[in-house]
Amino acid sequence: MVKQGHTFNSRTPRSPGLKLGLLALLAAILMAVPAQGVEFIRLFGEENVGTAGAQFLRIPVGARAVAMGKAYSALANDGSTLFWNPAGIMRTPGRQNFFFGHTEYTAGIVLDNMSFHRRGQNFGFGLMMGVLRSGDILRTDELHQEGTGQYFDANQFFVGASLARAMTDRFSVGGSIKYFQENLDEFQTRAVFADLGILYYVGLGDTRIGFSVRNFGNDMTPGGTPTPLSDGYVAANDFQSFAAPTVGTFGAARTWHLSQKMGLVTSFDFAHPSDYKESFRMGSELSLGKMLFLRTGFETSRAEGGFAAGFGLQLKRKQMLVKVDYAFSDLGTFGTIHHISIDLSPLARKKSPDAWRRRDR
C-alpha cells in the first residue's frame with residue numbers, strides 16, 4: 001500500500017485488531033515497566049518540583065515545534081522527530097534528513113541541536129546531538145562580590161542514536177538512547193537516558209495519535225573535585241542525587257483541507273513531567289500553497305508565559321526539500337526567546353519512462 005508518499009511492505013499485517021492490540025500492548029509496557037526500580041513518570045509531579053536534574057533535555061527543539069506550543073508528539077515528521085518521538089522517523093517526506101536548530105536564550109546562553117536520520121521501507125535509524133553553552137561566568141565568593149577576576153563555564157551536551165520500525169502502513173514504533181553530560185566548573189554529571197515512542201494513523205484522513213516517554217533512566221549524582229575554599233570551610237565530598245527529567249506525552253494531530261492551496265493543521269498534547277504539574281499544549285499551522293506556513297501555539301499550567309508563534313518557508317530545488325523555520329516563545333520574566341531551524345531532505349528522483357531507451361544506446 002502506498003500512502004502520502006510512503007512505501008511499506010505489502011506483506012505487513014493489516015488486521016485492525018492486531019494493530020490496536022499492538023498499540024495497547026506497547027502503551028501498557030511504557031506505562032508499567034520500571035527502569036531499575038525508578039518509575040517512568042512519577043505521579044503528582046507538582047509535589048516534586050525541583051527534584052529532577054538535566055533540565056537541559058527539556059528545552060524544546062525545532063522552531064516549528066516551538067511555534068506550535070510544543071504539541072508535537074503526534075506531529076513530528078521532520079528532522080526534530082528524533083527529539084520528540086522517534087517513531088516519526090518512518091513518516092518524514094524524504095528517506096534522508098539533515099536538521100540543524102539554534103536557540104538564543106537570555107544571559108548569553110546558546111543552544112544548538114543537530115540530527116541526521118535515514119529510513120528504508122520498514123526500518124529507520126538516526127543520530128542526534130545537542131550542546132548548550134553558557135559562555136564565561138565571572139567567579140565570585142563571600143569576599144569578592146563583584147568578582148575575583150576568574151571565570152568558569154557551565155556547559156551541557158548529549159549525543160544519541162535512534163531506531164524506528166513501521167509495524168504496518170499506519171503504525172510505527174521507535175526508541176532512542178542518549179548519553180548526557182553536564183560540566184559545571186570542576187564538577188561533572190553523567191547519565192544515560194532512553195526515549196520510547198509510538199505513532200498511529202487511525203484511518204480518518206491523516207489523523208494520527210502519538211505517545212512518547214522521554215528521558216527516563218537512573219538517578220544522577222554529580223562528581224568532581226571541589227575548588228579550594230577559604231580557611232574554616234570544608235568542601236563537600238559527596239553530593240545529593242537527582243532524578244531523571246522524565247516526561248510522558250500523549251497527543252493527536254490532523255490536517256484540514258480548506259481549499260486546493262490552503263490547509264490547516266491542528267495538534268494537541270497532554271504532557272506529564274515527573275517534577276512539575278501536567279500541562280495541555282495546543283498548536284495550529286496554516287499552509288499557504290505549501291510554501292508559506294503561519295503557526296501559533298499555547299501551553300497551559302505555566303506560572304507566566306506560554307504563548308508562541310512563528311512562520312516557515314518550504315522550497316523544492318533540484319530534488320531537495322528545504323525548510324527554514326522561525327519561532328519566538330514568551331517565557332515571562334526571561335523575556336522572548338528566538339528559535340531558528342533548517343531542515344534538508346533529499347527526495348527520490350522520479351525515473352523517466354524513456355530511461356530504458358538510454359540504457360540501450
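Reply: At 7% relative accessibility, Arg295 counts as buried, where buried stands for under 20% relative accessible area, exposed for over 50% and partly exposed for what lies in between, computed with a 1.4 Å probe on protein chains only. Before going further, note that this is a predicted model, in which local features need pLDDT of at least 70 and side-chain atom pairs count only at pLDDT 80 or more, while totals for chains, interfaces and linings use all residues. Residues are numbered from 1 along each chain as its sequence is written, and side-chain values use heavy atoms, with hydrogens and water left out.

The partner of Arg295 is Asp325, and their side chains meet in a salt bridge with an N to O distance of 2.9 Å; the term denotes a side-chain nitrogen of Lys or Arg within 4 Å of a carboxyl oxygen of Asp or Glu. Because Asp325 lies in strand E18 (residues 320-330) and Arg295 in strand E16, the pair ties together parts that are 30 residues apart in sequence; helices (H or I, at least four residues) and strands (E, at least two) are DSSP runs, numbered from the N terminus. Asp325 is likewise buried, its relative accessible area being 6%. Salt bridges that share partners join Arg295 and Asp325 with Arg64 and Glu285 into one network.

Within that network, Glu285 forms a salt bridge with Arg64, and the closest N and O atoms are 2.9 Å apart. Since Glu285 belongs to strand E15 (residues 279-288) and Arg64 to helix H2 (residues 63-67), this pair ties together parts that are 221 residues apart in sequence. Both Glu285 and Arg64 are buried.

A further salt bridge brings together the side chains of Glu299 and Arg281, at 3.3 Å from N to O. Glu299 is in strand E16 (residues 292-299) and Arg281 in strand E15, so that distant parts of the chain, 18 residues apart, are linked. Glu299 and Arg281 are both buried. The structure holds 9 salt bridges, among them the pairs Glu285 with Arg64, Glu299 with Arg281 and Asp325 with Arg295.

Lys316, in strand E17 (residues 307-317), is by contrast exposed, with a relative accessible area of 56%. Leaving aside neighbours within four places in sequence, Lys316 is in contact (heavy atoms within 4.5 Å) with Leu321 and Leu347. Lys316 and Leu347 are 31 residues apart in sequence, and their C-alpha atoms are 9.1 Å apart in space.
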